[in-house]
Amino acid sequence: MATPGGGAITYRTEHAFQGFELTLVRTVTLENRTLHSETEIHNHGQRLLPVSWFPHPFYPQPSGDELLRTSLPIEMPDNDGYDLAPNGFIRRRALAPGHEGHYAALGVRAQERATFTQRHPALGLVTATTSYAPTFLPVWGNHETFSFEPFFERTLGAGQSDRWSVSYDF
């Protein structure tokens, strides 16, 4: 169910299946040039509830090779698609014609919320800020788009709840 009001829209759903029972609520607001997306989950069941979620923003490829910089210390694995520039930006490598794209799971040991600064061909830079410390951080792209996916992962006991958010500054 979606409920608009007060400059926001709220989506709410409830599910029960094989001992799992949860309520999921997402509220999206637009304030000037900032989009806020806040999610709450409540475990009403008796089983442990594993939660694994990530934003999946598709950005158009910028004109240059620099894609993304993050506030997190990261490790770039050996891969054909990306490398780390001296200024901290993740850079794309050449993608052969006909190649479907590249994927790399970055090494990350986040202890606090994260900020991601993404190059954008029309806006210059777009900044995303998480309220959580990402547990996993893959990046991927093809000839048209690029995305980073900062994972939120928790396990909720019976009666427990959690909340997290991502804000995008355009």
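Predicted model: local features only at pLDDT ≥ 70, side-chain atom pairs only at ≥ 80, totals over all residues.
A second pairing places G141 opposite F146 of β15, and the two strands, β14 (residues 137-141) and β15 (residues 145-148), pair in the antiparallel sense over three bridges.

On another side of the pairing scheme, β14 is joined by five bridges to strand β11 (residues 102-108), with the two running antiparallel; here G141 of β14 is the bridge partner of H102.

## The five-stranded arrangement

These strands belong to an open sheet of five strands with antiparallel pairing, in the order β6-β15-β14-β11-β8. Because β6 (59-60) and β8 (74-75) stand at the edges, each with a single partner strand, one side of each is left without a neighbour in the sheet.

Five of the five residues of β14 are buried, so this strand is largely enclosed by the rest of the structure. L137, V139 and G141 point one way from β14, while P138 and W140 point the other way, and all are buried.

## S167 in strand β17

S167 lies in strand β17 (residues 161-169) and is buried, with a relative accessible area of 16%. Leaving aside neighbours within four places in sequence, S167 is in contact with T34, L35, H36, T127, A128 and T129, and the side chain of S167 makes a polar contact with the side chain of H36 at 2.7 Å. The C-alpha atoms of S167 and V28 are separated by 9.6 Å, although these residues are 139 residues apart along the chain.

How values were computed:
Residues numbered from 1 in each chain as written. Heavy atoms only, no water. Pairing = 2+ DSSP bridges. Helix = DSSP H or I, 4+ residues; strand = E, 2+ residues; numbered from the N terminus. Buried < 20%, exposed > 50% of the residue type's maximum accessible area, 1.4 Å probe, protein only. Contact = heavy atoms within 4.5 Å. Polar contact = N/O pair within 3.5 Å; in protein donor to acceptor, adjacent residues only side chain to side chain.
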